[in-house]
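Work through the exercises below with the sequence and the 3D structure open beside you. Try each task before reading its solution.

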Amino acid sequence: MKKTVLVSGGAGFIGSHVTVELIAAGYDVVVADNMSNCDLTCFEGVKKITGREDIPFVKMDFCDMDAVRRLFSQYSIDAVIHFAAFKAVGESVAEPLKYYKNNLISFMNILESGCPNVLFSSSATVYGEPEQVPVTEQSPRQPATSPYGNTKQICEDILQDTVKASGGALRGILLRYFNPIGAHPSALIGELPRGVPNNLVPFITQTAIGKRECLSIFGNDYPTADGTCLRDYIDIVDLAKAHVYAVRRMLDGKMEQGCEVYNVGTGRPVSVLELVNAFEKVNNLKLNYKFAPRRAGDVTAIWADPTLANEKLGWKAERSVEDTLKSAWAWELHLAGK
Ligand code: UD1
């Protein structure tokens, strides 16, 4: 019997790539999204890539418990991958209640549905400014520097506590993403930020295409080799595949703990300047950029030790940063109709 996975927030950047990989791995998928931060572009792209016109799509808000109940009575769901959340760090500082209400209530509603397998999309932001790099899953979490980051930590705790209290009825997996970038090789799905992008790669591609005048590199006086911050940029398709391995481990009864935590990164630190240079080189273009003051809240350096995911999930990041940057550019060109 085919198992069914609910992807909440499945019309967004990560959710759409995960839907493609789940279908390729033989799962049935139900996509649900309130469309608050996306349109149907990526969902249409998912249907084209998979050749599946029949993927169920439910427009709903996970903060609405009646809607959540209806969804779970309409479909027989074996596992949930929960992406539906707000994710802009700066906005969360300005509007904390919007973030706490949306991100916490929607997740608690999912847990109240009684689904026995729940995967939560967490973030490397929970490690804050780490004392040691690379970080393992045992590295201490640091106090969150934004309400957004705090919702990730609180949701991690909520899942851990709920699994503990369930007496084996609930299994949970927390995936801590590093910096997801790039797009599907088909260029039919990718990142679609609304307004001015906060994240580096969409800002780079929008500058290259002429939507933005100039990229500001935030800080070149960090204690790193070239003075810019170090991050672990993980290809979006590689990241999506990690979800398939994690869901399979849950559904095949292979988990060793009620709630397992995995870093999803490459283990390879790349500086902002290296990333910009690589983008210019692989796509054969010049980017207009300048150095600007540091951005508040940025950490100097963080990258993953992905050993646990490599060993327990059997997953490994495969795509090179060069290929990922090519895919990001191909997606921007696709959006521009070129
Ligand atoms: C942020 C969030 C993280 C979230 C991730 C993906 C925090 C502290 N960070 O990570 O939780 O998972 O986004 O959504 O909560 N940069 C520039 N110029 C720009 C934009 C970025 O120089 O215009 C630099 C930044 O200073 C940073 C690097 O690029 O050094 C990456 O920035 P970004 O893509 O925003 O990701 P993070 O801040 O690492």
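Predicted model: local features only at pLDDT ≥ 70, side-chain atom pairs only at ≥ 80, totals over all residues.

Residues are numbered from 1 along each chain as its sequence is written, and side-chain values use heavy atoms, with hydrogens and water left out.

**Exercise 1. The surroundings of a helix**

Solution. 

Step 1. Helices (H or I, at least four residues) and strands (E, at least two) are DSSP runs, numbered from the N terminus. Buried means under 20% relative accessible area, exposed over 50%, and partly exposed in between, with a 1.4 Å probe and protein chains only.

Step 2. Find the buried residues. In α7 they are L200, V201, P202, F203, I204, T205, Q206, T207 and I209.

Step 3. Draw the conclusion. Because nine of the ten residues of α7 (residues 200-209) are buried, the helix is largely enclosed by the rest of the structure.

Step 4. Look for the partners. The strands that the buried residues of α7 pack against are β7 (179-181), β8 (215-218) and β10 (233-235), and the helices are α9 (272-283) and α11 (321-335).

Step 5. Look past the end of the helix. G210 follows α7 and has a positive phi, near 100°.

**Exercise 2. A cavity and a pocket**

Solution. 

Step 1. Recall the method. Rolling a probe the size of a water molecule over the atoms shows where empty space is left. On a 1 Å grid over the protein atoms alone, a cavity is a set of points where a 1.4 Å probe fits but cannot get out; a pocket is an open set with protein on both sides within 12 Å along at least five of seven lines; lining residues have an atom within 4 Å of a point. Grid points are joined across faces, edges and corners, and a volume is the space filled by probe spheres set on the points.

Step 2. Search for cavities. The whole structure holds one cavity of 30 Å³ or more. The volume of the largest cavity is about 40 Å³.

Step 3. Name the lining of the cavity. The residues are H82, A84, A85, N103, F120, T151, K152 and C155. Helix α6 (residues 147-165) supplies the largest share, three residues.

Step 4. Sort this lining by class. Ala, Val, Leu, Ile, Met, Phe, Trp, Tyr, Cys and Pro count as nonpolar, Asp, Glu, Lys and Arg as charged, and the others, Gly among them, as polar. The lining of the largest cavity then has four nonpolar, three polar and one charged residues.

Step 5. Turn to the pocket. The second largest pocket has a volume of about 250 Å³. Its lining consists of 15 residues, and E137, Q138, Q257, V261 and L308 lie nearest its centre. In this lining, β11 gives the most, with four residues. By class, the pocket lining has four nonpolar, four polar and seven charged residues.

**Exercise 3. The ligand**

Solution. 

Step 1. Count the neighbours. A residue is near a molecule if one of its heavy atoms lies within 4 Å of it. The ligand is surrounded by 19 residues, the closest being L200, S216, R231, R295 and D298.

Step 2. Read the distances.
- N179: an N or O atom in its side chain is 2.9 Å from an oxygen atom of the ligand.
- F218: a polar backbone atom is 2.9 Å from an oxygen atom of the ligand.
- R231: an N or O atom in its side chain is 2.7 Å from an oxygen atom of the ligand.

**Exercise 4. Single residues**

Solution. 

Step 1. N283 is in helix α9. N283 counts as buried because its relative accessibility is 14%. With neighbours within four places in sequence left aside, N283 is in contact (heavy atoms within 4.5 Å) with L325, K326 and W329.

Step 2. M35 is not a glycine, yet it has a positive phi of about 60°. M35 sits in the loop between β2 (28-33) and α2 (41-50), and at 15% relative accessibility it counts as buried.

Step 3. A187, also not a glycine, has a positive phi of about 60°. A187 belongs to the loop between β7 and α7 and counts as buried at 10% relative accessibility.

Step 4. The bond from V133 to P134 is cis, with omega near -5°. P134 lies in the loop between β5 and α6.

Conventions:
Polar contact = N/O pair within 3.5 Å; in protein donor to acceptor, adjacent residues only side chain to side chain.
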